[in-house]
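Please open the structure in your viewer and keep the selection tool at hand. The tour below goes from one selection to the next and says what can be found at each stop.

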Amino acid sequence: MDQSDQDAPAVTPADLEVCPAFTKLTNSQRREFLDLASRHRFKAGETILEEGRETRCLWFILSGACEVVKTVPDGGDRVLATLEAGALFGEMSFFNPGPHSADVRAISDCTVLRMTAGNWAVLEQIGLRPAFHIARHTAAVMSDRLRRMDDWITKVLDETPDPAARAKRNDEWNDFRRKLFNG
């Protein structure tokens, strides 16, 4: 179970150096963020985000590692990504409200910072510059993830040996991309 770190030493601006989202912020701007964020600890195996639920929080890993896990139709799990210290997660449902698309589980004991949507709104009012830099970094992370997905799916399609199967997959991919970009 999530343990809020109320008895632990406060996170300092220097502790944020592990996270690229904070590199362009001054110590004063980092303090503005920290005043509104909360630190939490999770033990290995604990679920931080649950697929299908909506929490509207943006998370930053200070130490440890997590995995992003998607439930597949046969009832099993597929690991989509492993996230190390410095990574962020929860951005999809944070910036575009909706249920989480996957679980996020601690694969080692980890410490994370959590920013709620309500506190983000406060940060935008009192510290627009930190909010802007963090949002910009988050957009870059999301763009990079999409770019890598595009590269991977292109490779998968190109490596399909049977021309008929490749044509069918290409049609499916093109249909998906139309939906992706046109809503």
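With which residue does D144 form a salt bridge? Select D144 and R148 together: these two form the salt bridge, and their closest N and O atoms are 2.9 Å apart. Please keep in mind throughout that this is a predicted model. Both D144 and R148 belong to helix α4, where they are four residues apart, or about one turn of the helix. D144 has a relative accessibility of 32% and therefore counts as partly exposed.

Side chains of opposite charge can pair when their charged atoms come close. Select K70 and E51 next, which form a salt bridge with the closest N and O atoms 3.1 Å apart. K70 is part of strand β5 (residues 66–71), while E51 sits in the loop between β3 (47–49) and β4 (57–63), so this pair ties together parts that lie 19 residues apart in sequence. K70 counts as partly exposed, with 31% relative accessibility, and E51 is also partly exposed, its relative accessible area being 23%.

Now move to R105 and D103, whose side chains meet in a salt bridge at 3.9 Å, N to O. At 13% relative accessibility, D103 counts as buried.

**The sheet**

Which strands make up the open sheet, and in what order? Select four strands in the order β3-β8-β5-β6, which form an open sheet with antiparallel pairing. At the edges are β3 and β6 (77–83), each of which pairs on one side only. If you look along the sheet, neighbouring strands are turned by 35 degrees against each other on average, direction ignored.

Stay with strand β8 (residues 103–106), which is joined to β3 by two bridges, the two strands running antiparallel. Select L49 and you will find V104 of β8 standing opposite; select T47 and its bridge partner in β8 is R105. Then turn to β5, which pairs with β8 in the antiparallel sense over four bridges, and where V68 stands opposite V104 in β8.

In a regular strand the side chains alternate between the two faces of the sheet. Colour β8 by face, and you will see that both faces are covered: D103 and R105 on one side, and V104 and A106 on the other, are all buried.

**A loop residue with positive phi**

Go back to the loop between β3 and β4 and select R56, which lies there. Its phi is near 55 degrees, a positive value in a residue other than glycine. Most residues other than glycine have a negative phi, and most peptide bonds are trans. R56 counts as partly exposed, at 28% relative accessibility.

**Where two helices meet**

Select helix α3 (residues 117–126) and helix α4 (residues 128–158), whose axes come within 5 Å and cross at roughly 120 degrees. The two helices, α3 and α4, are therefore oblique to each other. To view the contact itself, show the side chains of W120, L123, E124 and I126 in α3, which meet L128, P130, A131, I134 and A135 in α4. The residues of this contact divide into eight nonpolar, no polar and one charged.

**Two buried residues**

Is H133 buried or exposed? H133, which is found in helix α4, counts as buried, with a relative accessibility of 14%. Select its surroundings and, leaving aside the neighbours within four places in sequence, H133 is in contact with A21, K24 and L25. For L25, the separation along the chain is 108 residues, yet the C-alpha atoms of H133 and L25 are separated by 7.4 Å.

For the last stop, select E91, which is found in helix α2 (residues 91–95). E91 counts as buried, at 6% relative accessibility.

Notes
Residues numbered from 1 in each chain as written. Predicted model: local features only at pLDDT ≥ 70, side-chain atom pairs only at ≥ 80, totals over all residues. Heavy atoms only, no water. Axes fitted to C-alpha atoms, helices over the stretch in contact; angles between N-to-C directions. Parallel < 35°, antiparallel > 145°, perpendicular 65-115°, else oblique. Contact = heavy atoms within 4.5 Å. Nonpolar A, V, L, I, M, F, W, Y, C, P; charged D, E, K, R; others polar. Salt bridge = Lys/Arg side-chain N within 4 Å of Asp/Glu carboxyl O. Buried < 20%, exposed > 50% of the residue type's maximum accessible area, 1.4 Å probe, protein only. Pairing = 2+ DSSP bridges.
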